[in-house]
Amino acid sequence: MSVRRLLFCSAPLFLVFISVANAADIVNDAHALLMKMGDAARKLNYQGTFVYQHGDQLESMRIVHKVEKGQSRESLVSLNGAAREVIRNSHEIQCFLPDEKSVMVEHRKVDSRSFPAIVPESLEQLDKHYVIQLGPTGRVADHAVRAVVIQPRDAYRYGYQLWADSQTDLPLKAILVDEGGHVVEQFMFTNVKIGGSIPDNAFKPKVSDKHFVWYRENGNVTQSPGRMGDWKVEHLPPGFTLSARLMRAVPTHKTPVEHIVYSDGLAVVSVFVEKIEAGTPTDNINGPIHVGAIHVFGKVVGDHQITVVGEVPARTVDLIGKSVVPGP
């Protein structure tokens with residue numbers, strides 16, 4: 001598994017002034033709007049163009065999202081920089097990389113999130129680690145919007161500012177901020193059409209895959225809420241709990257990769273444990289790296305590469321990564 005490919009094929013992952021009114025009502029309204037945003041992003045048909053800024057990189061992307069008979073399909077195409085196209089359905093994700101003449105195909109997993117991924121798993125748990133409030137109104141892509149502001153209670157998670165279309169609740173703008181209030185990642189639609197029919201050919205690849213190499217994950221993926229491998233995390237940031245453990249069959253590896261997922265209800269951190277195979281070229285990572293808001297921590301333990309990836313502050317992946325140890 002190449003973490004660089006993982007980051008390259010990952011679509012933007014994030015997508016989340018009190019008045020003198022009654023405080024409880026304000027909190028309830030903010031919770032309700034947050035849940036409506038998630039529902040709208042999953043259930044509505046929409047298409048448009050958005051800009052995505054992460055670190056010093058600025059991307060323009062086109063998105064098409066369709067729901068039919070309860071099944072969703074989504075297409076993301078980069079409009080500048082390195083060519084990239086991601087097509088998702090309810091079962092798998094295809095990532096076309098024309099510059100590398102390759103296609104990465106993965107099954108949808110428990111931690112696979114559609115764009116924009118803002119749906120909290122539990123509002124009750126979320127309130128323990130975030131303050132959720134209504135924010136200001138405004139205008140995005142010629143649509144009136146209203147905001148929800150999510151502020152972390154500690155330095156182990158980012159803060160979010162989300163703006164939803166006033167009519168449909170679809171998220172049209174999102175900003176991710178660090179503990180100093182600095183913007184580390186943001187997206188904003190520049191034009192969007194919400195509703196209406198979308199033809200099936202909108203989800204056909206825009207590039208020819210002739211002579212491309214297909215890297216396809218087979219169906220031998222197991223999932224369990226309990227312990228599967230011999231690896232464990234000794235120290236977790238407050239609020240992060242085990243969400244899933246998977247054994248992933250990676251096309252370029254002889255042995256499966258263990259994938260451990262931790263979440264605080266909003267932020268998600270993945271721990272990958274892979275056997276370093278003798279005579280096989282490696283893409284090992286030692287120490288921290290980051291791409292925009294996504295931080296990565298890697299280390300080698302014996303003959304295993306440990307890689308921790310999350311859209312969280314560096315201290316979060318560092319704490320988790322340094323405490324990954326073999327079990328008894």
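F187 is buried, with a relative accessible area of 1%. Buried means under 20% relative accessible area, exposed means over 50%, and partly exposed lies in between, using a 1.4 Å probe and protein chains only. This is a predicted model, where local features need pLDDT of at least 70, side-chain atom pairs count only at pLDDT 80 or more, and totals for chains, interfaces and linings use all residues.

Rings of Phe, Tyr and Trp (its six-membered ring) pair if their centres lie within 6.5 Å; planes under 30 degrees apart count as stacked, over 60 as edge-to-face and the rest as tilted. F189 is buried too, at 2% relative accessibility.

By this rule there are four aromatic pairs. One of them joins F50 and F187: the ring centres are 5.6 Å apart and the planes stand at 90 degrees, so this pair is edge-to-face. F50 belongs to strand β1 (residues 46-54) and F187 to strand β11 (residues 183-194), so the pair ties together parts that are 137 residues apart in sequence. Strands (E, at least two residues) and helices (H or I, at least four) are DSSP runs, numbered from the N terminus. F50 is buried, at 0% relative accessibility. Ring pairs link F50, F187 and F189 into a cluster.

Now turn to K173. This lysine lies in strand β10 (residues 171-177). Its contacts, leaving aside neighbours within four places in sequence, are V140, Q161, L162, W163, F187 and M188. Contact means heavy atoms within 4.5 Å. The charged end of K173 sits over the ring of W163, 4.7 Å from its centre. A charge sits over a ring if NZ of Lys or CZ of Arg is within 6 Å of the ring centre and within 35 degrees of the ring normal. R157 lies over the face of Y130, at 5.9 Å from the ring centre.

Which side chain of opposite charge is nearest to K173? It is D165, 14 Å away. K173 is buried yet has no salt bridge. A salt bridge is a side-chain nitrogen of Lys or Arg within 4 Å of a carboxyl oxygen of Asp or Glu. Lys and Arg count as positive and Asp and Glu as negative; His and the chain ends are not counted.

Next, look at two loops. Most residues other than glycine have a negative phi. K69 is not a glycine, yet has a positive phi of about 55 degrees. K69 sits in the loop between β2 (57-68) and β3 (71-78). K69 is exposed, at 81% relative accessibility. A141 is not a glycine either, and has a positive phi of about 50 degrees. A141 lies in the loop between β7 (130-140) and β8 (143-152). A141 is partly exposed, with a relative accessible area of 22%.

Finally, visit helix α4 (residues 314-322). Its residues T316, V317, D318, I320 and G321 are buried. The buried residues of α4 pack against several strands, including β14 (231-233), β17 (268-275) and β20. Q305 lies in strand β20 (residues 304-310). Q305 is buried, with a relative accessible area of 2%. A polar contact of 3.3 Å joins the side chains of Q305 and T307. A polar contact is a pair of N or O atoms within 3.5 Å; within protein, one must be able to donate a hydrogen and the other to accept it, and residues adjacent in sequence count only if both atoms are side-chain atoms.

How values were computed: Residues numbered from 1 in each chain as written. Heavy atoms only, no water.
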